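Visitor: Could you walk me through how to read this model? I would like the general idea behind each feature, then the case at hand.

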Amino acid sequence: MRRLRIGVDTGGTFTDFVVLDEDRGTLDVFKVPSTRPDQADAIIGGLADYLSRSGDPAESVAFFCHGTTVGTNAILEANGARTGLVVTEGFRGIYEVGEQTRGHGSIIYDLFFEKPRALVPARLTEEVLERVGSRGEVQLPLDEKSARMAIEQLVRHKVDSVAVCLLFSFKHPEHEQQLKRLFGEIAPEINVSISSEVSPEIREYYRMSTTVVNAYLNPLLGRYVHSLDGRLHELGVPTDQRYIIRSNGGVASFETARDRSVQTILSGPAAGVVTAQHVASSAGIPNLVTFDMGGTSTDVALIKEGEPVRRMGGKVHGLDVLVPMLDIHTVAAGGGTIAWVDEMEALQVGPRSAGSDPGPACYGKGGTEPTVTDANVALGVLSADQPLAGGALKLDRDAAERAIYERIAKPLGLSVTEAARGIVEIVNVKMQEAIKVVSSNRGYDLRDFYLFAFGGAGPLHACQIAEEMGMKGVVIPPYPGVTSALGLLLSDVRHDYVHSDLRDLNDVQPGQAESIFLGLRDRGMAQLRSEGFSPDLCRFVWDMDLRYIGQGYELTVALPDIPHLLDDLRQLRQRFDEAHLQLTGHFAPNERVEVVNYRVSAIAKVPRAPLAVPLPDHGSLDLAHAGDTAVFFHDRFETTPMYQRSFLAAGMEVTGPAVILQNDSTTVLGPGQAGTMDAWGYLRVESRL
Amino acid sequence: MALDPITAQVIQNRLSGIVQEMQTNIFRTGYSTIVRESQDASCMILDANGAVVGEHVILPLHIAALPEVVRAIYAAYQGRIYPGDAFITNHPYIAGVTHSIDMAVAVPVFVGERLLAFCASIAHKSDLGGMVPGTGSGNARELFQEGIQYPPVKFIDRGEVVPEVEAILRANSRTPDLILGDIRGQVGTARLGEERLHDMVARYGLDTVLDTFADLQDKTEKRVRRVIAGWEDGIFEGEAWVDNDGIELDRPIRYHVRIEKTGERILFDFSQSADQTLGPLNVRPPLVRGCCYYAMVAMIDPELGNNGGLARCIETRFRPGSVLDPVFPAPTNTYMASATAVAEAVLQAMNGLIPQKKVAGMGGVGGMVIGGQRDDGSSYVQYELIGAAYGARSGKDGVSGVSVLLDNAKTAPIEVIETEFPVQVRRFELIADSGGAGRHRGGLAVRREYNILAPRAQLTLRGGKHTQPAFGIEGGSPGRLGACIINPGTENEQSLPSRFGGVALLRGDILRLEKAGGGGLGSPKDRPWEQLVEDVLNGYVSYESAVSDYGADPDKLGEVLRDWRGTN
């Protein structure tokens, strides 16, 4: 019997599968259409089909890891749990006021703007008598009578889930714990999230918002995971190694993921970054910008020296969440993004998207609005004879050109080709601006970075974008369409812990800091142990959040080894100054520094899928050559050879103009660009400098 | 050759990308806390005539100031502007700068001999001299007390720092390193924009870029004129008030606009506004024009470019000696309260022009400062910008607890305040019934209550609407007034005006700050029952107000409430 490791990544249009044969190290990849409302239908159906095709028994599945959009969808579609909130008496304003600002850009002019929708209405917010002070001292003990009254009200109002967030609970969690016990006693059916567990950090609004999001999603994710778990059992999959990838790029067991649902909201895009991280650290390309261009949106992230940039919180779908996550920047533009002409007769691209139904005009499913994909068809980049997504879709060039003509070319007095070129140029500028957000705007020099392009549309646009931005080159992985799913077989189990203790760095006693760190480590160790990992598989990462006194934000500084480093806090101080200089271009060695948070990540290694793919022993360009097509570059159509990627052997070079075809994506090399297959099966395009 | 529309659009997208890159850079490299944390800095690209061609809104009024800066540079340096120069100025009268604690930096961008553009920014400074640390004093009676005034001068001449100017800057600030660090950051940011513009010219050609600058303004002008022409001709008036100028506490200040709209022309006449004030509430005409740009963009389309094309459509009239056209050297440092009132008056007048986009009065802006000594003798300054509320909008309630119009400040976390300052926050909540009643209810204001733990401290308030409420429209009620009360409910209770400085506080004093609510729109009797019930259950409207102001059936509402609370 084979031993199979399976990664399943649910996307808006397709559910992607990667199946690794543990002994042989071979990969099977395939896609099935995603299902709604129950994403599990596609997963179970796709898996059952695969097993019956391959003849493997269900027991051969030794590992199952999943990237899900259940949380994201619940937020976007506002169908999370009926949620209540419990706060300190007198402080209902924290959640209702939120940040108080409106953000930057055109929203400042928008007199009709709304704040992000509150997930809990004020009438489901209850107050309890209690107060803890800034040193964690109890100023007013929790009044049990007021607590019981609050709980009874919420029970009467039939909430499914409750968020509890009291002032300074990160210093003194006992009052929240007491409330959790009371809920368990009075109403055990209600799912309770307390802020001192979900996000034990200073700054009450962000902690509260995070706890509310968690409460809002927990019941839903719980039901989903429970159902998926049950159906895997029914299918006969015995393994306990069932994981979900979270926003931090690590995986967690079904049980853990379910109780901390807020940590799964970037589950989808995280896996692709993990793949890139492993390519960066193993294939000798340490600096990458990931470029995952799909149908409706594009995700970009930066990997420096093999490590993805992380952030300790931020806005996700307009909601403030304070949990560690990969620093992924998303723009609402992809292959399905619609082009249109505005009132000032200017060509605009996005933000609306044609989605998968009707989809771009070229899908021939009744779409009449031109999209980026239609423009690529009109330019000959995507050809009608080369169906998308492994044959699932045939492209209708006439429909694409008709849509572009009617909606863009005719009103603007342009040819269809000019209009199509314009659509692609404008979407490429948007992509470039997104790439700048994670790179040059944060002090990184793009000349040191390769663009790691994947997703259905990434390789189509990558070579031109990277060249225009002066990047070092482009790397296109073997299976661009399932690169995210592959990340599911590369992720470690990871749990993040934080402790807030705002204090002047000069006043921090090494012994005290060490005991905070060791306390967090013990929690991580216990968690990993309960998931069945032996201590020799576990490692820990230590970080501190520091800031100059008076600053409104902090920087995370990594500590290589705690006891050693805490012996000399001045050294830590110096590392902070250096980090500040790198990120902001300046530092202030004479200003005082304060500690805000202590962080520990507990990581357990799991066996990984190989990144290299088998290549043909000796290919040739002739063998790979799949005919010629006419592609529009710069100012004219040029005869452009098409090559089948599967016939390209290691070391072979393809010079542009060229179109490289494979099942799940298409790569375009511009005139004069050259791509080489490396020994791992990755296509590398070096910039001409 | 006619400009191809695709290239024009690509260049326009790139221009906005360049400004965003400059913006990020100025925040990244800003040296002082105020630039880094409050993000009180804006970058722009202007064409050689000083018309804005690229912007990314941070603070809308900065957009109106920089064209004046360029005009002043020409006035002083015509024929002596060279590649590699960088100009600075903070002068509200000579160069139209917002107030003299803001420093403008402008760098001319040349292509060969040809002056293509200016890359410019305005950023708040930590200190440029004057009566008090931080330069802007609420007690200033003339410009000369509001810091050192710099007319446009070269900080850098053909690539070389002018040592005399640097020396004068250094000698006239309480924080010379910070301000010079910030100014260098602004120059670096402008140079970044310059480099990007050069790349753009290399790629698309000088003529194409110049054509695009003209084209994007022409398009905006054409669109705005077309929209204006679609509005009904007529005369429309609006007014708003600020409680006082911080010096003459009993004299409310009136801001008035009379809009004359004929065909595709629109004139904003401010001549009936109050006389200029003794205190620093005055605001200069370029910024008042900025308020008009703000209102026009808001009314036409928030995505409309705020560029030179829009500016060409706006005609204005002022009365010299008024609060909106003060005579030099009248002080201007707390101009923001006036600017907000101007924006409100203009929006009110425009309610007549665009009946489908009506907006009621706003809950006002303002900051609070508590400064004092801790028990260990160290001093502290607790500075908070507390938001207020939007008035009701056509078809929508107002937004509660938010920064309004031209203002965009963040709330300060209670847990950080209590950790850093000797103060305990006792309450933070929305105030029931503070939103003006109406078919659409005004936004609710915020109440914040503090217990002073320092042995002694001083309180300064730059608020508003303690005597002049946010107006309601079409039968909607005005919003609730704001208040600042020391020791409420005790025999020492003391009610304070909205604008003052230096009130003494002692340990154990309770300070209750209540912001003003937004105005309502339409008759409260027309508010649908379901929405009214929601408001009552949410605690936004009291039972009493629902009955007396909204005309709810007391029995029916009482039953709903008892049912909700389970007290049946």
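Guide: Gladly. Let us start with contacts: two residues are in contact if their C-beta atoms, placed from the backbone, lie within 7 Å. Keep in mind that this is a predicted model. With that cut-off, and leaving out residues up to four places away in sequence, B:Val346 touches B:Gly238, B:Val257, B:Phe268, B:Cys291, B:Cys292 and B:Ala295.

Visitor: Which residues touch the most other members of the largest nonpolar core?

Guide: In soluble globular proteins, nonpolar side chains tend to be buried together. Here the largest nonpolar core holds 368 residues, and B:Ala104 and B:Val346 touch the most other members. Helix α7 (residues 204-235) of chain A gives the largest share of this core, 14 residues.

Visitor: How do I read the contact between the two chains?

Guide: Begin with the two sides: 57 residues come from chain A and 55 residues from chain B. On the side of chain B that touches chain A, the elements giving two or more residues include α1 (5-29), α6 (206-230), α7 (285-300) and β16 (423-430) of chain B. The largest share of that side, eleven residues, comes from α1(B). By class, the side of chain B that touches chain A has 22 nonpolar, 17 polar and 16 charged residues.

Visitor: What does the radius of gyration say about chain A?

Guide: The idea is to compare it with the value for a compact globule. For 689 residues that value would be near 26 Å, and chain A has 26 Å, which agrees. The C-alpha trace of chain A spans about 80 × 60 × 60 Å along its principal axes. Chain A has 18 helices and 35 strands, and buried residues make up 53% of its 689 residues. Of the contacts in chain A with a separation of 6 or more, 67% are accounted for by residues 24 or more positions apart.

Visitor: How is chain B divided into domains?

Guide: Chain B has domain 1 (5-220), domain 2 (358-527) and domain 3 (528-568). The centres of domain 1 of chain B and domain 2 of chain B, taken over C-alpha atoms, are separated by 34 Å.

Visitor: Where should I look for cis peptide bonds?

Guide: Look at omega. The peptide bond from A:Gly656 to A:Pro657 is cis, with omega near 5°, and A:Pro657 is found in the loop between β31 (653-655) and β32 (658-662) of chain A. In chain B, the bond from B:Phe328 to B:Pro329 is cis, with omega near 5°; B:Pro329 is found in the loop between β11 (314-317) and α9 (335-353) of chain B.

Visitor: And what about positive phi?

Guide: Two residues are worth a look. A:Gln100 is not a glycine, although its phi is positive, about 80°. A:Gln100 is found in the loop between α3 (93-97) and β6 (125-128) of chain A, and counts as buried because it has 21 C-beta neighbours inside 10 Å. B:Lys465, also not a glycine, has a positive phi of about 65°. B:Lys465 lies in the loop between β18 (456-462) and β19 (483-486) of chain B and is buried, with 30 other C-beta atoms within 10 Å.

How values were computed: Residues are numbered from 1 along each chain as its sequence is written. Chains are lettered from A and ligands numbered from 1 in the order in which they are written. This is a predicted model: local features need pLDDT of at least 70, side-chain atom pairs count only at pLDDT 80 or more; totals for chains, interfaces and linings use all residues. A nonpolar core is a set of buried Ala, Val, Leu, Ile, Met, Phe, Trp, Tyr and Cys residues joined through C-beta atoms within 7 Å. A residue is buried if 20 or more other C-beta atoms lie within 10 Å of its own, exposed if 12 or fewer, and partly exposed in between; C-beta atoms are placed from the backbone. Helices (H or I, at least four residues) and strands (E, at least two) are DSSP runs, numbered from the N terminus. Ala, Val, Leu, Ile, Met, Phe, Trp, Tyr, Cys and Pro count as nonpolar, Asp, Glu, Lys and Arg as charged, and the others, Gly among them, as polar. The radius of gyration is taken over C-alpha atoms; the globule rule is 2.2 Å times the number of residues to the power 0.38. Domain bounds come from an automatic or database domain assignment.
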